[in-house]
Amino acid sequence: SGSLREHAQARGVQIGAGIEAGPLTNEAQYRDILAAEFNAVTPGNEMKWESVEPQRGQYRWGPADQIVAAAEANGQQVRGHTLVWHSQLPSWVANGGFGAEELRGILRDHIEVEAGRYAGRIYAWDVVNEPFNEDGSLRDSVFYRTLGEEYIADAFRWAREADPNARLYINDYNVEGINAKSDALYELVRRLREQGVPIDGVGLQGHFILGQVPGTIEENLRRFADLGVDVAITELDIRIPMPADAAEIQQQAREYESVLAACLAVSRCTGVTVWGITDRHSWIPGTFPGYGAALPYDEQYRPKPAYHALHDTL
Ligand code: XIL
């Protein structure tokens with residue numbers, strides 16, 4: 001008995017959901033489950049640069065404001081997502097052809113304006129999202145290309161100035177287990193901490209394929225935590241080749257359990273956020289054709305075995 005959020009609360013961890021303004025506006029079941037079961041939310045798209053400033057100087061805050069207000073009404077913490085990312089970046093930034101001085105100013109303004117707007121209302125910001133390639137080198141984004149790796153330290157410093165109360169995270173995917181990419185992330189975080197850069201946390205997204213959840217998540221979380229930062233699973237989903245059969249749905253539940261258990265075993269792991277609530281609204285089928293059924297509720301908002309596994313593990 002009891003909801004996910006009641007159990008999470010008792011353990012002092014977050015059980016979060018990546019959500020979107022569309023279904024939040026249009027579907028009562030979505031709103032009800034969100035309010036009843038989750039104690040944290042992350043806007044799925046609404047705080048990304050292309051959403052908040054699609055044209056230079058033209059801001060659109062409505063959907064992000066709506067999500068933050070709904071979270072406050074529900075007593076939920078908000079993870080801001082995300083300030084610096086190569087993707088869902090408006091073309092005026094990505095293709096503007098700016099030199100280093102101008103781009104640096106643009107990035108600084110963006111962080112100050114957005115983190116400043118929500119200052120005091122955001123539990124944690126994903127300040128820099130997905131900076132790494134799979135081999136552990138830094139991704140050739142417009143920021144890296146133009147500003148060099150200093151863009152990362154600068155982004156954290158500007159975010160701290162804009163919202164001194166938010167926990168500041170770096171966030172990436174395929175870094176959940178121990179591998180070349182997570183080794184590089186580890187080295188970067190170690191160096192940033194050593195240099196006094198204000199970084200407080202490491203987010204491991206957790207977009208998994210059924211049967212491919214790494215066995216080293218707990219060990220990996222622990223090594224980051226030992227650097228003196230918080231850790232979190234920030235975008236968990238486990239996709240299945242479609243159609244998913246009953247055995248796969250059961251296996252998925254065990255894999256959800258293993259990810260949550262890894263987090264619960266590490267005291268600096270602040271919680272797990274699932275990237276959506278229901279298979280009715282998930283980025284998976286559109287992005288990974290042939291895959292689906294990745295979330296804890298099915299398309300009719302019925303709790304799946306994965307929901308019960310989370311519930312019983314919390
Ligand atoms: C995804 C959203 O869920 C989709 O709606 C959108 O079309 C693309 O982005 N890593 C991230 C998230 O950090 O922002 C991404 O979200 C999923 C991968």
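**Notes on the predicted model**

1. Tyr-151 is buried, since 22 other C-beta atoms lie within 10 Å. Here a residue is called buried if 20 or more other C-beta atoms lie within 10 Å of its own, exposed if 12 or fewer, and partly exposed in between, with C-beta atoms placed from the backbone. Tyr-151 is found in helix α9. Helices (H or I, at least four residues) and strands (E, at least two) are DSSP runs, numbered from the N terminus. Leaving out residues up to four places away in sequence, Tyr-151 touches Leu-107, Phe-143 and Tyr-144; contact means C-beta atoms, placed from the backbone, within 7 Å. Tyr-151 and Ser-141 are ten residues apart in sequence, and 11 Å apart from C-alpha to C-alpha.

2. A word on the basis. This is a predicted model, where local features need pLDDT of at least 70 and side-chain atom pairs count only at pLDDT 80 or more, while totals for chains, interfaces and linings use all residues. Residues are numbered from 1 along each chain as its sequence is written.

3. Now the core. The largest nonpolar core has 87 residues, and Trp-125, Val-127, Ala-155, Ala-159 and Val-259 touch the most other members. Helix α9 (residues 150–162) gives the largest share of this core, seven residues. Such a core is a set of buried Ala, Val, Leu, Ile, Met, Phe, Trp, Tyr and Cys residues joined through C-beta atoms within 7 Å. Beyond its neighbours within four places in sequence, Ala-155 is in contact with Leu-83, Val-84, Leu-107, Ile-111, Val-127 and Val-128.

4. On to Glu-235, which UniProt lists as "active site" in an unreviewed entry. Glu-235 sits in strand β8 (residues 230–241). Is Glu-235 buried or exposed? Glu-235 counts as buried because it has 26 C-beta neighbours inside 10 Å. Not counting residues up to four places away in sequence, Glu-235 touches Gly-18, Gln-205, Gly-206, His-207, Thr-273 and Trp-275.

5. Then the ligand. Around the ligand are Gly-44, Asn-45, Asn-129, Gln-205, Glu-235 and Trp-283, each with its C-beta atom, placed from the backbone, within 6 Å of it. That shell divides into one nonpolar, four polar and one charged residue.

6. Last, helix α3 (residues 28–37). Tyr-30, Ile-33, Leu-34 and Glu-37 are buried there. They are on the same side of α3 because they cover an arc of only 100° around the axis, taken from the directions from the helix axis to the C-beta atoms. Ala-28, Asp-32 and Ala-36, on the other side of α3, are exposed. The cover over the buried residues of α3 includes α1 (4–11), β1 (14–19) and α2 (21–26).

Note on methods
Two residues are in contact if their C-beta atoms, placed from the backbone, lie within 7 Å. UniProt positions are given in the numbering used here, feature names are shortened, and annotations may be inferred rather than shown by experiment. Ala, Val, Leu, Ile, Met, Phe, Trp, Tyr, Cys and Pro count as nonpolar, Asp, Glu, Lys and Arg as charged, and the others, Gly among them, as polar.
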